[in-house]
Protein chains: 2
Amino acid sequence: MIGYPTKKKVNQVIKTAESAKRGMSLEEDINQSNQVFLDRHLANIHKKPTPITIVKVDYPSRNKAKITEAYFKIPSTTDYNGVYKGRAIDFEAKETANKTSFSLSNIHPHQIKHMENVKEHGGLCFLILRFTSFNETYYLNIDKLSDFTNNQVRKSLPYAWIKLNGHLIPYNFLIPVNYLVILDKYL
Amino acid sequence: MIGYPTKKKVNQVIKTAESAKRGMSLEEDINQSNQVFLDRHLANIHKKPTPITIVKVDYPSRNKAKITEAYFKIPSTTDYNGVYKGRAIDFEAKETANKTSFSLSNIHPHQIKHMENVKEHGGLCFLILRFTSFNETYYLNIDKLSDFTNNQVRKSLPYAWIKLNGHLIPYNFLIPVNYLVILDKYL
């Protein structure tokens with residue numbers, strides 16, 4: 001394996017043959033699923049743009065704006081939201097190479113608070129968690145996550161706990177993350 | 001009046017005394033209103049980040065990422081969305097200094113199509129239009145906009161038509177754009 005000198009490689013693990021076969025990131029898989037949901041008039045759910053603070057913009061020509069200085073912001077909301085059967089949908093998606101647990105450090109406290117608040121207003125909120133080592137993607141409802149964070153000291157969700165409290169999201173080539181079939185249980 | 005050499009000034013008009021008194025942009029007014037809605041547990045509605053394409057990121061230090069080349073993208077969805085009384089909310093907000101009409105060139109066809117689609121899924125979609133010269137802010141439901149664009153050749157919404165088909169949004173110092181009171185009519 002050739003080690004390219006990029007930041008991204010630091011925490012990366014060698015992919016299993018099964019994982020390499022599918023290959024796409026969770027974000028790409030969700031985007032593709034959302035596109036199918038949109039095309040088939042099943043739901044309208046989008047990824048929000050990455051929040052950044054723009055400091056400097058140049059105008060190299062009349063109609064062109066080039067951002068030359070900007071910084072990433074800590075997100076105050078989740079990455080994905082939209083509408084399904086009239087209900088507001090709001091979720092965050094994360095993947096991990098860890099085989100035993102999902103570290104809560106991957107999710108900002110702001111985002112959990114945001115999801116709890118959206119739920120209070122009648123929205124459907126959840127996490128999509130992928131264990132890349134097992135090629136398993138789980139749906140975890142916000143109330144399960146809140147239960148855990150309110151009652152446990154530990155800062156990671158054990159894999160066994162997720163298996164028990166979450167729902168395995170079905171995969172197929174066209175709709176890699178078909179979370180709508182899980183959402184139907186909550187409607 | 002001193003003319004600073006910035007792009008923004010080109011289309012700016014001299015503010016009336018009344019307009020200067022309020023002073024804030026429509027975006028600031030909506031953000032403030034949304035914050036009050038959030039604090040009072042009335043609704044959870046946020047502005048989405050501006051969509052950009054990031055081309056180049058530098059790492060001047062270990063934990064700091066600086067975006068040094070990025071471009072604005074044409075938005076495929078609207079600027080604001082969230083949840084109110086369980087329903088998905090989706091809207092776009094624009095202001096104009098024009099006194100007779102609101103040009104539809106301010107809204108991308110993508111965005112209108114997006115709102116029509118969200119409505120189809122049971123979301124509440126609308127435009128918030130401010131005539132800065134009159135300090136009037138209107139709520140215009142998506143079905144009214146669709147009627148107009150499907151039946152009219154002209155590319156702008158006349159002020160008189162907006163007055164007739166929209167709803168004047170009440171203003172107060174704490175909640176400058178209280179569109180929830182209008183939304184209640186549609187629930």
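Which residue takes a positive phi in the hairpin of β4(A) and β5(A)? The residue is Lys85(A), with a phi near 50°, and the hairpin has two residues between the strands. The structure is a predicted model, in which local features need pLDDT of at least 70 and side-chain atom pairs count only at pLDDT 80 or more, while totals for chains, interfaces and linings use all residues. Residues are numbered from 1 along each chain as its sequence is written, and chains are lettered from A and ligands numbered from 1 in the order in which they are written.

Two strands count as paired if DSSP finds at least two bridges between them. Within this pairing, Tyr80(A) has Phe91(A) as its bridge partner. Strand β4(A) also pairs with β1 (residues 44-47) of chain A, again antiparallel, over four bridges, and here Asn81(A) stands opposite His46(A).

Strand β4(A), residues 80-84, is mostly covered, with five of its five residues buried (20 or more other C-beta atoms within 10 Å of the residue's own, C-beta atoms being placed from the backbone). Tyr80(A), Gly82(A) and Tyr84(A) point one way from the strand, whereas Asn81(A) and Val83(A) point the other way. In a regular strand the side chains alternate between the two faces of the sheet.

Turning to where the chains meet, the contact takes 34 residues from chain A and 34 residues from chain B (two residues are in contact if their C-beta atoms, placed from the backbone, lie within 7 Å). On the chain B side, β3(B) gives the largest share, eight residues. That side divides into 14 nonpolar, 13 polar and seven charged residues, where Ala, Val, Leu, Ile, Met, Phe, Trp, Tyr, Cys and Pro count as nonpolar, Asp, Glu, Lys and Arg as charged, and the others, Gly among them, as polar.

Strand β3(B) also takes part in a sheet that spans both chains: four strands form an open, antiparallel sheet in the order β2(A)-β3(A)-β3(B)-β2(B). Its edge strands are β2(A) and β2(B), each of which pairs on one side only. Between the chains, four bridges join the antiparallel strands β3(A) and β3(B), with Ile67(A) partnered by Ala70(B). Within chain B, seven bridges join β2(B) to β3(B), and Asp58(B) stands opposite Lys66(B).

Note on methods: A residue is buried if 20 or more other C-beta atoms lie within 10 Å of its own, exposed if 12 or fewer, and partly exposed in between; C-beta atoms are placed from the backbone.
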